[in-house]
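Here is a short briefing on strand pairing and charged contacts. Have a look at the model first, then read on.

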Amino acid sequence: METDMNNQQQPVFAIEKIYVKDLSLEIPNAPRIFLERETPEVNIQLHTKGERVDEGMYEVALTITVTAKVKEKTMFLVEVQQAGIFQIRHVPEADMDPVLGIACPNIVFPYLRESVSDIVTRAGFHAVILNPVNFEALYHQGKQQAEKNVAAAETAGEAQKVTH
């Protein structure tokens, strides 16, 4: 009797394409903002999203918004969405979330980092070099937050049932 192990197909993970999906640059206070000599305060927001686009094909997109301000005046605002298309096959369903939430963002992030640095430099400012991101920690934080939200919603639902 043959075992199922011989019939199982090997997992496939391949990068099909890495690309800039969206890019936006605003310098609302140009040209006067270029005369500022103070170091700007930089605010960074990062979001990840992974979704299936076809059988065995997934897109993972990282969206970053970088805002630099001096004295409440915006120097620049850059938003970049860097994405990758990945072929992922024969991976257990339970492992897909971590692959899309950790492994793929780790591959896309260096390209995002380069895109942000490049556009800010081309805009006439000093380069913004993004610090490395621990996508594993972010993934687990997101999971914990989602579990808390579900628990809070269930508790609110129970309270609603009681009051009716």
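**Salt bridges and strands**

The count of salt bridges in this predicted model comes to eight, where a salt bridge is a side-chain nitrogen of Lys or Arg within 4 Å of a carboxyl oxygen of Asp or Glu. Local features need pLDDT of at least 70 and side-chain atom pairs count only at pLDDT 80 or more, while totals for chains, interfaces and linings use all residues. Residues are numbered from 1 along each chain as its sequence is written, and side-chain values use heavy atoms, without hydrogens and water.

**Strands** (DSSP runs of E, at least two residues, numbered from the N terminus; two strands pair if DSSP finds at least two bridges between them)
- Strand S4 (residues 73-89) runs antiparallel to S1 (residues 12-26), joined by 13 bridges, with Phe 13 opposite Ile 88.
- S4 also runs antiparallel to S3 (residues 57-70), through 14 bridges.
- S3 and S4 form a hairpin with two residues between them, and Lys 71 in the turn has a positive phi of about 50°.

- Salt bridges link Glu 36, Glu 38, Lys 71 and Lys 73 in a network.
- Glu 36 pairs with Lys 73, with the closest N and O atoms 4.0 Å apart; these residues lie 37 residues apart in the chain.
- Glu 36 is buried at 18% relative accessibility, whereas Lys 73 is partly exposed at 41%.
- Lys 71 forms a salt bridge with Glu 38 at 3.5 Å between the closest N and O atoms.
- Lys 71 is exposed at 57%, and Glu 38 is partly exposed at 43%.

How values were computed: Helix = DSSP H or I, 4+ residues; strand = E, 2+ residues; numbered from the N terminus. Buried < 20%, exposed > 50% of the residue type's maximum accessible area, 1.4 Å probe, protein only.
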